[in-house]
Amino acid sequence: MSPSPRFFTEREVARHCTKDSCWVLLGTRVYDVTAFLRMHPGGEALILRRSGKDISREIEGPPHRHSENARRWMEQYYIGELDKTSGSDEAQTLRERRRQTAEQTEGKTTGSQAVEEEEEEEEDSPYNLCSPVDLETDLVDWRKPLAWQVGHLGEKYDAWVHQPVDRPIRLFGNPFLEASTKTSWYWVPVVWLPIVFYLSWSCYMTLAQGTTRIVFTSDFSVLVHKYTFLLLFMMGWFLWSFMEYCIHRFVFHMKPPAHNYYLITLHFLLHGQHHKSPFDGSRLVFPPGLASLMVGSFYAILQYAFPEIIGKCLFVGGLCGYVVYDMIHYYLHYGSPKRGSYMYGLKAYHVKHHFEHQRAGFGITTTFWDHPFNTVIPDEKF
């Protein structure tokens, strides 16, 4: 049997109205959304203004009716029910009786001190804010690595992977393999920005020598001036934005055949795990080791398609675009941009991609490419 819910008075709920402790009501259900403040696509101020109050109207809209995924996501922050019993002493007595009844029902005979110790242990657990996954009925066994399980979901995989949870995911049982799939955000600029700076300086100095020419025929060539480096750099960045869109749409969001175990597993490793657990902070940017495969391929293609120095200038612009992409992606999940700013709009756009429009909104740093490819998410005000 499920444990009886905790009960809170309206005064207790109203006291939790700060960034450190923010509670809201949905009817008579009480939610502690403190951990969600910085994730909210509309910014934390929208929730704080409604802290301690019923947000049923805001959930239903207008202007924004929250999706089923958003409602399902909210349930992980459920902590109890609103107790409307008049009189604080009477309410306290009723809560104590309900607690004792719950303890007896579940066979808890160790006393209130043991219960309190257990609650303290749960508060210290990294899983205390995770989605309430039923370990007995869920389609996968969360107590084991998921990488080798998801391929067996078949036709159920697509619906399962697009029901987000706020729960850490373990992909592999091998510690080395598992560690290779995780990285802190700061390793991206630490590893790649020195390469960007060095190659930028190298390309500019090479062009500054005034000996670089693009040869069209034996009788015709064009001198590449040093000041064209900035133009080539920005062209490389623009090229990356197109690659960013294509990789996200056609690779990360491929729909693997329901009968193909290996393609389902590959999809989950590449991007499915991010949609299943979109706020897993250790998996929001590419580990440099894995990213080097993509970066190396990008470099090889440009060197093959263009003269050496031109390809290198385009590459360094694209590499810089990649670093900005990864940093923006991390910020869209954990940042709190100012309302009305460009990043505010991007955050709202990206969160809608996760929770409502998984087959649209593939741009991360810009929505530019969504327009010509007709994958723009309908505009909504938050």
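1. Helices (H or I, at least four residues) and strands (E, at least two) are DSSP runs, numbered from the N terminus. The place of H275 is in helix 11, and H274 lies in that helix too, at residues 261–276.

2. This is a predicted model, in which local features need pLDDT of at least 70 and side-chain atom pairs count only at pLDDT 80 or more, while totals for chains, interfaces and linings use all residues. Residues are numbered from 1 along each chain as its sequence is written, and side-chain values use heavy atoms, with hydrogens and water left out.

3. Rolling a probe the size of a water molecule over the atoms shows where empty space is left. On a 1 Å grid over the protein atoms alone, a cavity is a set of points where a 1.4 Å probe fits but cannot get out, and lining residues have an atom within 4 Å of a point. Grid points are joined across faces, edges and corners, and a volume is the space filled by probe spheres set on the points. The count is 2 cavities of 30 Å³ or more.

4. The largest cavity holds about 60 Å³ of space. Its lining consists of W240, M294, V295, F298, F315, G318, L319 and Y322. Helix 12 (288–305) and helix 13 (308–334) are the elements that give two or more residues to this lining, and helix 13 has the largest share, 4 residues.

5. The second largest cavity holds about 50 Å³. W240, E244, I247, H248, F252, F286, M294 and Y325 line the second largest cavity. Helix 10 (residues 228–252) gives the most to this lining, 5 residues.

6. In an unreviewed UniProt entry, the annotation "binding site" covers H248, H253, H274, H275, H329, H333, H350, H353 and H354. From this set, H248 is in the lining of the second largest cavity. UniProt positions are given in the numbering used here, feature names are shortened, and annotations may be inferred rather than shown by experiment.

7. Is H274 buried or exposed? H274 is buried (under 20% relative accessible area; exposed is over 50%, partly exposed in between; 1.4 Å probe, protein chains only), at 5%. Leaving aside neighbours within four places in sequence, H274 is in contact (heavy atoms within 4.5 Å) with R283, L284, H329, H333, H350 and H354.

8. H275 is also buried, with a relative accessible area of 2%. Not counting residues up to four places away in sequence, H275 touches V161, H162, P164, H253, H353, H354 and Q358.

Terms used. On a 1 Å grid over the protein atoms alone, a cavity is a set of points where a 1.4 Å probe fits but cannot get out, and a pocket is an open set with protein on both sides within 12 Å along at least five of seven lines; lining residues have an atom within 4 Å of a point.
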